Amino acid sequence: MAQAPSAWLCGPPDAVAERLMSVQERYPGLEEINVGSVIGTPETVVLEQLRRFAEEVMPRFRSGRFDIPA
């Protein structure tokens, strides 16, 4: 079943990467996204989320290969 478009990409790294890939397919030429947090989120939580995004999601897009582990 196709997933309805959403402004929020939340969940584990595999799910976020999968959703970003579908956004990229829908909007060819997309080169940038905005990553943020809800106002009031503790700094430690924001930094942990950004670290995980950088380490577990971004590398899947750097090589030009969009691999999601099984």
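Student: Which residues is Ser 37 in contact with, leaving aside its neighbours within four places in sequence?
Tutor: Ser 37 is in contact with Val 46 and Gln 49, once those neighbours are set aside. Contact means heavy atoms within 4.5 Å. Please note that this is a predicted model, where local features need pLDDT of at least 70, side-chain atom pairs count only at pLDDT 80 or more, and totals for chains, interfaces and linings use all residues. Residues are numbered from 1 along each chain as its sequence is written, and side-chain values use heavy atoms, with hydrogens and water left out.

Student: Where does Ser 37 lie?
Tutor: Ser 37 lies in the loop between α1 and α2. Its C-alpha is 9.3 Å from that of Leu 50, and the two residues are 13 apart in sequence.

Student: Why does Ser 37 count as partly exposed?
Tutor: Because its relative accessible area is 35%, Ser 37 is partly exposed. Buried means under 20% relative accessible area, exposed over 50%, and partly exposed in between, with a 1.4 Å probe and protein chains only.

Student: And how many of the 70 residues count as buried, as a percentage?
Tutor: In this chain, 14% of the 70 residues count as buried.

Student: Changing topic, what secondary structure does the chain have?
Tutor: The chain has three helices and zero strands, in the order α-α-α from the N terminus. Helices (H or I, at least four residues) and strands (E, at least two) are DSSP runs, numbered from the N terminus.

Student: How do α1 and α2 pack?
Tutor: Helix α1 (residues 13-26) and helix α2 (residues 43-57) pack at an angle of about 70 degrees, and their axes are 10 Å apart. Axes are lines fitted to C-alpha atoms, for helices over the stretch in contact, and angles run from 0 to 180 degrees between N-to-C directions. The two helices are therefore roughly perpendicular to each other, a term for angles of 65 to 115 degrees.

Student: Which residues meet there?
Tutor: From α1, Pro 13, Val 16, Ala 17 and Leu 20 meet Arg 52, Phe 53, Glu 56 and Val 57 of α2. The residues of this contact divide into six nonpolar, no polar and two charged.

Student: What about Met 58, where is that?
Tutor: Met 58 lies in the loop between α2 and α3 (59-62). At 31% relative accessibility, Met 58 counts as partly exposed. Met 58 and Pro 13 are 45 residues apart in sequence, and their C-alpha atoms are 9.5 Å apart in space.

Note on methods. Parallel < 35°, antiparallel > 145°, perpendicular 65-115°, else oblique. Nonpolar A, V, L, I, M, F, W, Y, C, P; charged D, E, K, R; others polar.
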